[in-house]
Amino acid sequence: QVQLVETGGGLVQAGGSLRLSCAASGRINTIGSMAWFRQTPGKQRDLVASITYSGTTDYTDSMKGRVSISRENAKNMMYLQMNRLKPEDTGVYFCYAANRRTPGSNPYWGQGTQVTVSS
């Protein structure tokens with residue numbers, strides 16, 4: 001099993017920045033691609049950014065140019081740098097990791113960290 005713990009959320013004014021971190025522990029050798037998702041009340045979790053094990057990144061259009069995803073495999077860490085935040089970026093941000101050892105198995109999720117952007 002893998003445990004994912006997110007930190008770095010909080011309250012920030014529009015235009016501000018936050019850096020989210022995701023720490024992985026447990027069977028970390030099973031972790032492949034990782035990603036950040038955002039969820040707002042009553043809605044599904046939406047992909048914000050993803051990164052493969054080798055470092056290839058992808059971003060949702062709404063945040064492209066304002067966020068940067070990165071990972072340090074040696075430290076079992078993933079990050080999301082968010083700049084020029086907007087009120088619509090508010091939500092709970094979840095860390096996600098795919099299981100590369102067992103294709104088709106359930107991915108791993110963190111417990112989420114709240115990001116609130118005030119106008």
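**Close-up 1. Asp89 and its arginine partners.** The side chains of Asp89 and Arg66 make a polar contact of 2.7 Å, seen here in a predicted model. Asp89 is found in the loop between S8 and S9. With a relative accessible area of 2%, Asp89 is buried. Leaving aside neighbours within four places in sequence, the residues in contact with Asp89 are Arg38, Met63, Arg66, Arg84, Val115 and Val117.

**Close-up 2. The salt bridge between Arg38 and Asp89.** Here Arg38 pairs with Asp89 in a salt bridge, and their closest N and O atoms are 4.0 Å apart. The pair links distant parts of the chain: Arg38 belongs to strand S4 (residues 31-39), while Asp89 sits in the loop between strand S8 (77-82) and strand S9 (91-99), 51 residues apart. Arg38 counts as buried because its relative accessibility, 15%, is under 20%. Asp89 is buried too, at 2%.

Close-up 3. Lys64 is partly exposed at 48% relative accessibility, and Asp61 is exposed at 63%. Glu72 counts as partly exposed at 30%, whereas Lys75, with a relative accessible area of 54%, is exposed. Elsewhere, salt bridges that share partners join Arg38, Arg66 and Asp89 into one network.

**Close-up 4. The largest nonpolar core.** This core has 27 residues, and those with the most contacts inside it are Leu4, Met34, Trp36, Leu80, Met82 and Tyr93. At least two of its residues come from each of strand S1 (2-7), strand S3 (18-26), S4, strand S5 (46-51), strand S7 (67-72), S8, S9 and strand S11 (113-118). S3 gives the largest share, four residues. Take a moment with Leu80: not counting residues up to four places away in sequence, Leu80 touches Leu18, Arg19, Leu20, Trp36, Val48, Ala49, Val67, Ser68, Ile69 and Tyr93. A second, separate core has five residues, including Ala35, Phe37, Phe94 and Ala98.

**Close-up 5. Aromatic rings around Phe37.** The structure holds four aromatic pairs. In one of them, Phe37 and Tyr96 are tilted, with 5.4 Å centre to centre and 50° between the planes. Phe37 is buried, with a relative accessible area of 15%. Phe37 also pairs with Trp109: the ring centres are 5.0 Å apart and the planes are at 65°, so this pair is edge-to-face. Trp109 is in strand S10 (residues 108-109), 72 residues apart from Phe37. Trp109 is partly exposed, at 33%. Phe37, Phe94, Tyr96 and Trp109 form one aromatic cluster.

**Close-up 6. Arginines over aromatic rings.** The charged end of Arg45 sits over the ring of Phe94, 3.5 Å from the ring centre. Phe94 is also one of the residues in the aromatic cluster. Arg19 lies over the face of Tyr79, at 4.0 Å from the ring centre.

Definitions and conventions
Residues numbered from 1 in each chain as written. Predicted model: local features only at pLDDT ≥ 70, side-chain atom pairs only at ≥ 80, totals over all residues. Heavy atoms only, no water. Salt bridge = Lys/Arg side-chain N within 4 Å of Asp/Glu carboxyl O. Buried < 20%, exposed > 50% of the residue type's maximum accessible area, 1.4 Å probe, protein only. Polar contact = N/O pair within 3.5 Å; in protein donor to acceptor, adjacent residues only side chain to side chain. Contact = heavy atoms within 4.5 Å. Core = buried A, V, L, I, M, F, W, Y, C linked by side-chain atoms within 4.5 Å. Phe/Tyr/Trp six-rings, centres within 6.5 Å; stacked < 30°, edge-to-face > 60°. Lys NZ or Arg CZ within 6 Å of the ring centre and 35° of its normal.
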